[in-house]
Amino acid sequence: MTPASGLALARDPVPVERTGFATSDAEVAQALLGELRVRCRVHRGATGAFTLRVTREVIGELWLDQWRVEGGLSLDADPFRDFVFGFLTGGRWGGSTRREELRGRAGLVFTHSNRDAGVYTLRDAEWSGLRLPAGTVRRVAAEESGHGRVQFLGMGPVNTGMRDYWRSAVEFARGQLSAPDGPGRDPLVYAELANLLATVALGTFPNTTMTAEHLPSPGTAGPAALRRAIAFIEAHADQPLTLSGIADAARVGPRALQHAFRRHRATTPLRHLRRVRLDYAHRDLLAAAPAAGDSVSAVGRRWGFPHPGRFAAHYGRVYGCSPHRTLLRDTP
């Protein structure tokens, strides 16, 4: 295919805000946690002394937290309003609700309950936290399963394989998002990272999409709807797109559009979007000027491929050479 011309690539970076606090006062900690959307009652541990330190980086609608507790305390918390996940790197953490209990030391991976109140106990604990936008998680769940009213049912991962995959996905995303002027600040890359995290989270932690009843046939999308979807993708490939947004433009439902792409194109709408973006990246590499500082990594990030190695592998499968060879006009 020949990519359409005239796409506007000037995108304002995703806004970033940073906040944090440190306190040894239970009442102050409770009030400050409330401001961070953690509704709870704070209780001192057996020794009575503690220091709680929290830093938060808000990138768009994603939150990246760092928590540290010196001493011991417990949080008598309401159900979390957000989808919040944790990675314990030191000390001890325990969570207990009316349905389950989870405890562990460094290496523990968990999610906070958003359906039950819980008691969370912390002793000389240090962990990193991630908050995913509820809208993104529900949209991805609806696109994948047809069930958008997702709720996480357990605090621990379904198995060690998914736990490790989840950890690597979050570490990769955190690196892209947290680096000063990192690629994750680009709206296109940011949207891809948020979708990735939501998808992997839904496969890692028990949730209602895993136990939902099979839905009836999604219906059909005719050739005209397929053409509308393809035209929309090619005209807006430089913007953050979702399956739901593409389906709206095609005037059909997301599952019907997926069925049409699989039947007539042997792919999915989002894989087609990825291929279109790769074609734009190829075009930009051909037009680039290495002497002027143009680089493969910059072109990849521009089109939603933040990981250089994966970009090179994907590019090589399609074009039979590395993006560096294309940049240097050394194609076979």
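At a relative accessibility of 2%, Y120 counts as buried. The model is predicted, and the exercises below start from this residue.

## Exercise 1. The F80–Y120 pair

Task: Determine which geometry the rings of F80 and Y120 adopt, and where the two residues lie in the chain.

Solution. 

1. A search across the whole structure returns 15 aromatic pairs.
2. For F80 and Y120, the ring centres are 6.0 Å apart and the planes meet at 85°, so the pair is edge-to-face. The cut-off behind this step is that planes over 60 degrees apart count as edge-to-face.
3. Distant parts of the chain are linked by this pair, the two residues being 40 apart. F80 belongs to the loop between strand 4 (62-77) and strand 5 (83-96), while Y120 belongs to strand 8 (residues 118-132).
4. The relative accessible area of F80 is 11%, so this residue is buried, buried meaning under 20%. Y120, at 2%, counts as buried too.

## Exercise 2. The Y280–W303 pair

Task: Decide whether the planes of Y280 and W303 are stacked or edge-to-face, and state which elements the pair links.

Solution. 

1. The distance from centre to centre is 4.7 Å, and there are 10° between the planes of Y280 and W303.
2. Planes under 30 degrees apart count as stacked, so the pair of Y280 and W303 is stacked.
3. Y280 is in helix 9 (residues 269-287), and W303 is in the loop between helix 10 (296-302) and helix 11 (308-319). The pair links distant parts of the chain, with 23 residues of separation.
4. Y280 and W303 are both buried.

## Exercise 3. The surroundings of L177

Task: Is L177 buried or exposed, and which residues does L177 touch?

Solution. 

1. L177 is located in helix 3 (residues 160-178).
2. Its relative accessibility is 1%, so L177 counts as buried.
3. With residues up to four places away in sequence set aside, L177 touches I59, L62, L64, G184, R185, Y190 and L193.
4. H272 is 95 residues from L177 in sequence and 25 Å from L177 in space, C-alpha to C-alpha.

## Exercise 4. The largest pocket

Task: Describe the volume, lining and contributing elements of the largest pocket.

Solution. 

1. The volume of the largest pocket is about 1100 Å³.
2. Its lining comprises 37 residues, and those nearest the centre are E192, N195, L196, T199 and R274.
3. At least two lining residues come from each of helix 2 (134-145), helix 3, helix 4 (187-204), helix 8 (254-265), helix 9 and helix 11. Helix 4 gives the most, with seven residues.
4. Sorted by class, the lining has 18 nonpolar, nine polar and ten charged residues.

## Exercise 5. Enclosed cavities

Solution. 

1. By class, the lining of the largest cavity has 14 nonpolar, three polar and five charged residues.

## Exercise 6. The fold as a whole

Task: Summarise the secondary structure, dimensions and burial of the protein.

Solution. 

1. The protein has twelve helices and eight strands.
2. Along the principal axes, the C-alpha atoms fill a box of roughly 70 × 55 × 30 Å.
3. Of the 332 residues, 47% are buried.
4. Among contacts between residues at least 6 apart in sequence, 71% join residues at least 24 apart.

Key: Residues numbered from 1 in each chain as written. Predicted model: local features only at pLDDT ≥ 70, side-chain atom pairs only at ≥ 80, totals over all residues. Heavy atoms only, no water. Phe/Tyr/Trp six-rings, centres within 6.5 Å; stacked < 30°, edge-to-face > 60°. Helix = DSSP H or I, 4+ residues; strand = E, 2+ residues; numbered from the N terminus. Buried < 20%, exposed > 50% of the residue type's maximum accessible area, 1.4 Å probe, protein only. Contact = heavy atoms within 4.5 Å. 1 Å grid on protein atoms, 1.4 Å probe; cavity = no way out; pocket = protein on both sides within 12 Å on 5 of 7 lines; lining within 4 Å. Points joined across faces, edges and corners; volume = space filled by probe spheres on them. Nonpolar A, V, L, I, M, F, W, Y, C, P; charged D, E, K, R; others polar.
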